[in-house]
Amino acid sequence: MCGIFGYTGKSNAPLIIHQGLKRLEYRGYDSWGISTIGGDGNIVTVKNIGHLPKSMKLKTEIVNTGIGHTRWATHGGVTIGNTHPHYSTDRSFVLAQNGIVENYTELKSLLEKKGYSFDTETDTEAIVKLVEYERKSKKDLKDAFKATFKQLEGRNTVILLDSNSNQILAIRNGSPLILGIKEKEIYLASDQLAFNQYCEDIVEINNGEMVEIKEGKYKIFDIAKNKYILRKPKKEKLIDMDIDKKGYDHYMIKEIVEQQHTVLKATEYTQKQLSPFIKKLKDSENIYTVGAGTAGYSADQIAYYLRSIAKKSAISIRSYEIESYLNIITPKDSVIAISQSGETADTLEAVEAFKKKGMYISSIINMPNSTLSKLSDSIFMSNAGSEICVASTKVFTSQISFGYLLAKTLAGEYAQAKRELQLLSTNLESFFSKETFKYIEQVAKVLKKKEHFFILGKGQNFHIAQEGALKIKEITYKHFEGFAAGELKHGVIALIEKGTPVISILSDDSNMKDLISTTEQVKARGALTIGIGDKQDVDCFDYFIPVAQSNELKAISNVIPFQLLSYYLAKELGNDIDKPRNLAKSVTVK
Ligand code: M6R
């Protein structure tokens, strides 16, 4: 993962880089580092582990060129030593990386044989040492950098700050790299969000290109074609990052409450706009939905809607488990890729593999201008606005709202779907009340000391049980497991003992009776039972959280209490809610 930032211009570089990295922290927040070229021509580096400080203490001296990095650890622990940027042996350049050098072990042992020693546990250091080695036989650093890049396996984007030539060099492969241009100032980052408060003229760097930045100018070099290419900036609308918490304590709770609006925003598409895609789906033999993490559960739920509502053959697969499916898919099938960021490495690789098979790719994405959008034949934006909390809430429900609209439109029931979505939105408004929050907070207090939890769902609520468990795991660090209620008696019931919390998701549907009887079975073994869903006149529950009423979108009504439970439980535990440990918002490595 990781975020990369570079700047050269008239402003004070450390300040600009610090602000840029703050906006890139969603890519990783294990540690951060900022390197600038000081007045004496030497590179000065400030780095630390943990989150970036709110502000930077600046020296009086203004420096104009530098690079920064925010890390999500892949190779080597979260230590200052492993924090980027990394110095060359002669300290003339520093280098930072976003990606994984897959042949790092081979490169390291090759370099060790040539006499290089390693001080860190990172794969990045192998890049630094390789550049040093290549420089011995090359005309200049640029050539050494290019030669190094050609030897790296995996998706790697690398940035280098050279004090001898007073310039920034960067090469992209996989992870994004975007230039921002404003008069004599140049910004370079993993995401336009990092500098969009300053400029809207951007230049996208493609895979296999090197960018050279010096004295307010940039040059792009195509490494494979071995020549410079001219690419003028284009205007890109400023993205609204919506960093205002609007009075809420955390982004997570703000984003949860926003769902009453985002379920509608995600489904603003007219029938005419959907029509070409609907035709494509009608003509498809099989529809594969693909995603990872929460987007993977969206993929499951959307496939569920396509099968149950539109009666289409729809198969949900995880982005990182596509290999066996590549043997059976054909160009007569189509793919719906789902991703909040559009930058998830697993999903990008899956889509690249599907494209090679000649498949039609459509994507449901929340972030504009993502890599996934460029790989897709058609794109549907989730329009949920920026989701800053690492745990996805409003984007999940946006994705499945859109999937529901698709399935209903395929079944010829577009207007009914729109009415359902409106009804849900209205009911969510009254669901988000002080009473609801207070009750869920009370349940969270009861659960605070428990360690193992089970969530049961069936039919439309099966994947909601899984997503509910993921949400709570991410923020509370407690062991939650969500599974199909039918599975319980086949083994999991062995884990139930006195006081084990079991949460059952109940909807007024054909599975209600099964859920009640499963709850009775765990109750008989001493479980602490909690119900979430449509309230029933039964007494097998110790606690019951009623949800917003809906006819066909119960999956959405039912997932929201899990989001709230996750929030209040994490709050009780004193966890970092918006930036949970070990995670990053955008998983740009495999
Ligand atoms: O950006 P994406 O939707 O492709 O991200 C996929 C997962 O990494 C993501 O959903 C992750 O599981 C979230 N932390 C879930 O809350």
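The structure is a predicted model, in which local features require pLDDT of at least 70, side-chain atom pairs count only at pLDDT 80 or more, and totals for chains, interfaces and linings use all residues. Residues are numbered from 1 along each chain as its sequence is written, and side-chain values use heavy atoms, with hydrogens and water left out.

The secondary structure of the protein comprises 16 helices and 25 strands; helices (H or I, at least four residues) and strands (E, at least two) are DSSP runs numbered from the N terminus. Along the principal axes, the C-alpha atoms occupy a box of roughly 80 × 50 × 45 Å. The radius of gyration is 25 Å, which agrees with the value near 25 Å for a compact globule of 590 residues; this radius is taken over C-alpha atoms, and the globule rule is 2.2 Å times the number of residues to the power 0.38. Of the 590 residues, 62% are buried (buried, under 20% relative accessible area; exposed, over 50%; partly exposed, in between; 1.4 Å probe, protein chains only).

Rings of Phe, Tyr and Trp (its six-membered ring) were paired if their centres lie within 6.5 Å, with planes under 30 degrees apart counted as stacked, over 60 as edge-to-face and the rest as tilted. By this rule the count is 20 aromatic pairs. One of them joins F431 and F432 edge-to-face, at 5.5 Å centre to centre and 70° between the planes; both F431 and F432 are buried. The rings of F454 and F483 are also edge-to-face, because their planes stand at 70°, with the centres 6.2 Å apart. This pair links distant parts of the chain, 29 residues apart: F454 lies in strand β21 (residues 452–457) and F483 in strand β22 (residues 479–484). F454 counts as buried at 2% relative accessibility, and F483 counts as buried at 8%. A single aromatic cluster is formed by Y269, F277, Y360, F380 and F402.

Charges also sit over rings (NZ of Lys or CZ of Arg within 6 Å of the ring centre and within 35 degrees of the ring normal). R91 lies over the face of Y87, 3.8 Å from the ring centre, and R581 lies over the face of Y477 at 3.9 Å.
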